[in-house]
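Student: I have a chain on screen and want to learn to read its features. Please take me through them one at a time.

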Amino acid sequence: MKLVNKRLFFTISALKVIGTFFAFFIYASIVKLGDAHGYASNNREFSYNILLNRTEFTEFLFSSITVVTNNVFITHLISSLFAGYCIYYVFKDSYRFINKYLLFLSLSLPHFLIWTGVTTKELLSVALFSIFIKQVFNIVDKSTVNKKILIFTGIVAVFLRPHYGIAYLYLFFSTVLITYIYRRGYNIFSKGVVFTTYALLFLIFIGLLYYSFEHWEGGLIEVMHKSKNYFIHYSGSSTRYN
């Protein structure tokens, strides 16, 4: 590991440790951690239903770590460091060329630091989508693309956070299409081609959302009504079915 990569790795790891300590010992004493505590402390046994239910899958994953560590805090810490490693994996090759101040400022934002510092679906989503984005970037950069990792992280991440998946699937398909156009030599009017392609893809996605609105409107309203109680009335287990 190069010296610059070591610094990046240990800096991100230190931020994740700080985030976990702050979330677990300070933030949790003021505001409930919501589902995070239930995910780590519930003893969820394996069943095939975890492959269909996001909440049960998350509970099984994190509670399995707790079975090994026998300590909820250690489970939070291990999960936080896992997310930190995924972030490191994304930036380690391009670290020299990015704005380091902006990177670490973003990673230090309280909301991000807390909710990727404890066992949450957000932590898993950030970790998996980070790796997914890295593989998508490799398509543009002509680097090696691990198709198995791309597919696996994409499927699991969309399963955990399907509403995030809309944006990331758009990123993937638009990247593949634009890259294909360039590599096939159809770039005589490159700026126009790129703009038109992105505009058409955007309109298609907006159209799909608009015409499918009646199918997910009710669920969205129900979630909005319930979400305000997620961190107020808490029983010590997960606060949602899926």
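Tutor: Start with burial. Buried means under 20% relative accessible area, exposed means over 50%, and partly exposed lies in between, with a 1.4 Å probe and protein chains only. Take Phe173: its relative accessible area is 48%, so Phe173 is partly exposed. This is a predicted model, where local features need pLDDT of at least 70 and side-chain atom pairs count only at pLDDT 80 or more, while totals for chains, interfaces and linings use all residues. Residues are numbered from 1 along each chain as its sequence is written, and side-chain values use heavy atoms, with hydrogens and water left out.

Student: How many of the 242 residues, in percent, count as buried?

Tutor: The share is 36%. For areas, the Shrake-Rupley method is used with a 1.4 Å probe, and for residues only the protein chains shown count as cover. The accessible surface of the chain comes to about 14,800 Å². Carbon and sulfur atoms own 69% of that surface.

Student: Which elements make up the chain, helices or strands?

Tutor: Elements are DSSP runs numbered from the N terminus: helices are H or I with at least four residues, strands are E with at least two. Here there are eleven helices and zero strands. Next, contacts, which mean heavy atoms within 4.5 Å. Among contacts between residues at least 6 apart in sequence, 72% join residues at least 24 apart.

Student: How do I read a nonpolar core?

Tutor: Look for buried Ala, Val, Leu, Ile, Met, Phe, Trp, Tyr and Cys residues joined through side-chain atoms within 4.5 Å. The largest one here has 15 residues. Phe57, Phe62, Leu123, Leu124, Leu128, Val156 and Leu160 touch the most other members. Helices H3 (54-69), H4 (72-91), H7 (121-141) and H8 (147-160) each give two or more residues to this core.

Student: Which helix gives the most to this core?

Tutor: H7, with six residues. For a detail, pick Val156. Leaving out residues up to four places away in sequence, Val156 touches Phe57 and Leu128. There is also a second, separate core of ten residues, which includes Tyr88, Leu103, Phe104 and Leu113.

Student: What about Ile98? Where is its place?

Tutor: In the loop between H4 and H5. Ile98 counts as partly exposed because its relative accessibility is 25%. Beyond neighbours within four places in sequence, Ile98 is in contact with Phe91 and Leu103.

Student: And nonpolar residues on the surface?

Tutor: Those are read as patches. Members have over 30% relative accessible area and no salt bridge; like charges are joined within 9 Å, nonpolar side chains (Val, Leu, Ile, Met, Phe, Trp, Tyr) within 5 Å. One nonpolar patch holds Phe21, Phe22, Phe25, Ile26, Ile30 and Val31, with about 560 Å² of accessible area together. Ile26 lies in helix H1 (residues 3-30). Its relative accessibility is 42%, so Ile26 counts as partly exposed.

Student: How many salt bridges does a search of the whole structure find?

Tutor: Five. The criterion is a side-chain nitrogen of Lys or Arg within 4 Å of a carboxyl oxygen of Asp or Glu. Arg44 and Glu56 form one, with the closest N and O atoms 3.8 Å apart. Arg44 lies in the loop between helix H2 (35-41) and H3, and Glu56 in helix H3, so the pair ties together parts twelve residues apart in sequence. Glu56 is buried, at 13% relative accessible area. Arg44 is partly exposed, at 29%.

Student: Which bridge does Asp93 form?

Tutor: Asp93 bridges to Lys134, with the closest N and O atoms 3.2 Å apart. Asp93 sits in the loop between H4 and helix H5 (100-107), Lys134 in helix H7, 41 residues apart. Lys134 is buried, at 8% relative accessible area. Asp93 is partly exposed, at 46%.

Student: What is the N to O distance for Arg161 and Glu122?

Tutor: It is 2.6 Å. Arg161 lies in the loop between H8 and helix H9 (162-183), Glu122 in helix H7, 39 residues apart. Arg161 is buried, at 6% relative accessible area.

Student: Last, how do I read aromatic pairs?

Tutor: Rings of Phe, Tyr and Trp (its six-membered ring) pair if their centres lie within 6.5 Å; planes under 30 degrees apart count as stacked, over 60 as edge-to-face and the rest as tilted. The structure holds 18 aromatic pairs. Phe21 and Phe73 are edge-to-face, 5.0 Å centre to centre, with 70° between the planes. Phe21 lies in helix H1 and Phe73 in helix H4, so this pair ties together parts 52 residues apart in sequence.
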